[in-house]
Amino acid sequence: DQKVMLRCFVSRSLLTNPVAGQTRNMSGGSLAGSQSSLAGKVAIVTASTDGIGLAAAQALGQRGAHVVVSSRSQSNVDKAVALLQSEKIQVTGTTCNVGKSEDRERLVNMTVEHCGGIDILVSNAAVNPFFGNIMDSTAAVWDKILDVNVKAAFLMTQLVVPHMEKRGGGSVVFVSSVAGYQPMQALGPYSVSKTALLGLTRALAPELAQSHIRVNCVAPGIIKTRFSQALWHDEDVLDEFKKQLSIKRVGEPEEIGGVIAFLCSKDASYITGETITVTGGMSCRL
C-alpha cells in the first residue's frame, strides 16, 4: 500500500531535532536588486511547463534571461509560454522529450538559431514509472529512469557546452532530490538516479571549470508540485514528513526556482561542484 510505505519511510528515517511548533512562511518576493542580473543571458530549462521547472524559468526570466521552455506536450508548452509572456518574460517554447537524442539536438539547435547562443542549462526533466519495493523493480524500469534522469542530463550538458564555450562560459544546474541523500523506500530506483546526479555534478565541475562553466546541483525536499503529489497530498503522510522538518510546511516551487537562479548568477561565481539542499531543515547530510 502506497500510503503505508510512505509512512514507514518517514517514520524510520531522517531523525532530527526540529524546531518545535509552526514556523512562519519564510518565502519572500523576488529580489529587487536582481531584476536585471541575467540580462542578455539565454537559459534552457528542461521539463519547464509545470512545477519546479516552470518556477526556475520564471526566476531566470524575472532576472532578465531569455528562457527556452519545453515539455513533451505542445499544449503544456503553449500554456507556459502564455503565462511567462503575461509576466513580461522573454520566452521561447518547444516540445522536447529529453530521452530522445533527436529531441535534445532539436532543442539546442533551435535555441542557438533563435536566441544566438546558450549561457545556462537547468536540467530538470525526470520520470518515475515505479512505486514499490526496489527488489520488485524491472530492467525496463531502470532503463527508463536512468535514461531520462541521468543519461539525458549528461547528454544535454554535452550538447550545450560547445555553445557556452563560444560565449566565454556558462552555468549548468541539475535538479536532484533529498532522496539522492536519503533514499525513499517506495522510490528506490528514482532515489538512486538522483544520487547519480550528485556524482555527475562533482565529475563535471573540475573539467568544465577550465571553460569557465560552473556545474551545480539543487536537492529539493518535499515541494508542492504535481510530480510529488503522493508525498504531500495525504494529510497523514504529510504529518509524518513534517516531523522531519524544521520549517513545518511543504516547500513551494518558487523557493527552488530562486535558488536555481542564484546558482546561475554572478552572486554564485565562486561556487561549482556543489549541491544545495533546499529541504526546510530536513536532515540529510552533514
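Predicted model: local features only at pLDDT ≥ 70, side-chain atom pairs only at ≥ 80, totals over all residues.
Figure 1. Side chains of opposite charge can pair when their charged atoms come close.

**Figure 2. The salt bridge between Asp119 and Arg167.** The closest N and O atoms of Asp119 and Arg167 lie 2.7 Å apart. This pair links distant parts of the chain, the two residues being 48 residues apart. Asp119 sits in the loop between helix H4 (101–115) and strand E4 (120–123). Arg167 sits in the loop between helix H5 (139–166) and strand E5 (170–175). Asp119 is buried, at 7% relative accessibility, whereas Arg167 is partly exposed, at 34%.

Figure 3. Lys151 and Asp147 are both part of helix H5. Lys151 has a relative accessibility of 46% and counts as partly exposed. Asp147 is also partly exposed, with a relative accessible area of 34%.

**Figure 4. The packing of helices H5 and H6.** Two packed helices are described by the angle between their axes and the distance between the axes. For H5 and helix H6 (residues 188–209), the angle is about 20 degrees and the axes are 10 Å apart. H5 is therefore roughly parallel to H6, as angles under 35 degrees count as roughly parallel. The crossing of the two helices is right-handed. On the H5 side, the residues in contact include Trp142, Ile145, Leu146, Val150 and Phe154. On the H6 side, they include Tyr190, Val192, Leu197, Leu200 and Leu204.

**Figure 5. Ala209 in helix H6.** Ala209 belongs to helix H6 and is partly exposed, with a relative accessible area of 38%. Gly169 is 40 residues away from Ala209 along the chain, yet their C-alpha atoms are separated by 8.7 Å.

**Figure 6. The nonpolar cores.** The largest nonpolar core contains 32 residues. Leu60, Val67, Leu84, Val122, Val218 and Ile260 have the most contacts inside this core. Among the elements that give two or more residues to the core are strand E1 (42–45), strand E2 (66–71), helix H3 (74–86) and helix H9 (253–263). Helix H2 gives the largest share, six residues. A second, separate core has 30 residues, including Leu107, Val172, Leu197 and Leu204.

**Figure 7. Val218 and Thr275.** With neighbours within four places in sequence left aside, Val218 is in contact with residues including Val173, Phe174, Val175, Ile256, Val259, Ile260 and Thr275. Thr275 is found in strand E7 (residues 275–278) and is buried, with a relative accessible area of 7%. Apart from residues up to four places away in sequence, Thr275 touches Tyr181, Leu198, Cys217, Val218, Ala219 and Arg285.

Key
Residues numbered from 1 in each chain as written. Heavy atoms only, no water. Salt bridge = Lys/Arg side-chain N within 4 Å of Asp/Glu carboxyl O. Helix = DSSP H or I, 4+ residues; strand = E, 2+ residues; numbered from the N terminus. Buried < 20%, exposed > 50% of the residue type's maximum accessible area, 1.4 Å probe, protein only. Core = buried A, V, L, I, M, F, W, Y, C linked by side-chain atoms within 4.5 Å. Contact = heavy atoms within 4.5 Å. Axes fitted to C-alpha atoms, helices over the stretch in contact; angles between N-to-C directions. Parallel < 35°, antiparallel > 145°, perpendicular 65-115°, else oblique. Left-handed = near helix turned anticlockwise from the far one by under 90°.
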